[in-house]
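Have the sequence and the model open side by side.

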Amino acid sequence: AAAWTDLPVIGQGVGGLGERMARVHAELVRRHGFGVLLGADTPQLTAALLGEACEWLAAPLPRLVLGPADDGGFWLFGANVAPPLATWTSVNYSESATAQDLALSMRDQGEWRWLARLADVDFARDLPEVRRSLQALPDPTPEQRRLCEWMRLP
């Protein structure tokens, strides 16, 4: 999209979700020493949570971090190692145990840290819980405030 032309891009390539995430994550680790993949459907994400993940991954030892979602998926995955492709493709995504399955498949890749559980938006029925989460933030950003107000609309 034209809005993103000034930002660096890493192509996902073809394949299933696990293959595409593995490819992007491995390239982030190669370029930057660790990679963080974020879901775009958790607007209550805070800079503090993202900072917690990045601080954890800045260590020299192999480390992984996961932000679990209320529905069993995850809103963040990060690691300072590039797990093998098979660990990504063995997971059933968009299931009630996706986060657990991903952590289990990568259990031997390093030390794990789990972040706070957040609600994400997959369906319209998820909006009230996400709005409650936004309202509960102690110091929401102006964008989070605007989104919370927008979510009040019928």
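Is S94 buried or exposed? At 74% relative accessibility, S94 counts as exposed (exposed means over 50% relative accessible area, buried under 20%, partly exposed in between, with a 1.4 Å probe and protein chains only). Keep in mind that this is a predicted model, where local features need pLDDT of at least 70, side-chain atom pairs count only at pLDDT 80 or more, and totals for chains, interfaces and linings use all residues. Residues are numbered from 1 along each chain as its sequence is written, and side-chain values use heavy atoms, with hydrogens and water left out.

**More on S94**
- S94 sits in the loop between α3 and α4 (98-105); helices (H or I, at least four residues) and strands (E, at least two) are DSSP runs, numbered from the N terminus.
- Although S94 isn't a glycine, its phi is positive, at about 60°.

**Aromatic pairs**
- There are three aromatic pairs in the structure; Phe, Tyr and Trp rings (six-membered ring for Trp) pair if their centres lie within 6.5 Å, with planes under 30 degrees apart called stacked, over 60 edge-to-face and the rest tilted.
- F77 and W88 form an edge-to-face pair, because their ring centres are 4.9 Å apart and their planes are at 75°.
- That pair links distant parts of the chain, 11 residues apart: F77 is in strand β3 (residues 74-79) and W88 in helix α3 (residues 85-89).
- Both F77 and W88 are buried.
- Ring pairs join F77, W88, W112 and W114 into a cluster.

**Charges over rings**
- R63 lies over the face of W56, 3.6 Å from the ring centre (the cut-offs: NZ of Lys or CZ of Arg within 6 Å of the ring centre and within 35 degrees of the ring normal).
- R125 has its charged end over the ring of F123, at 4.3 Å from the centre.
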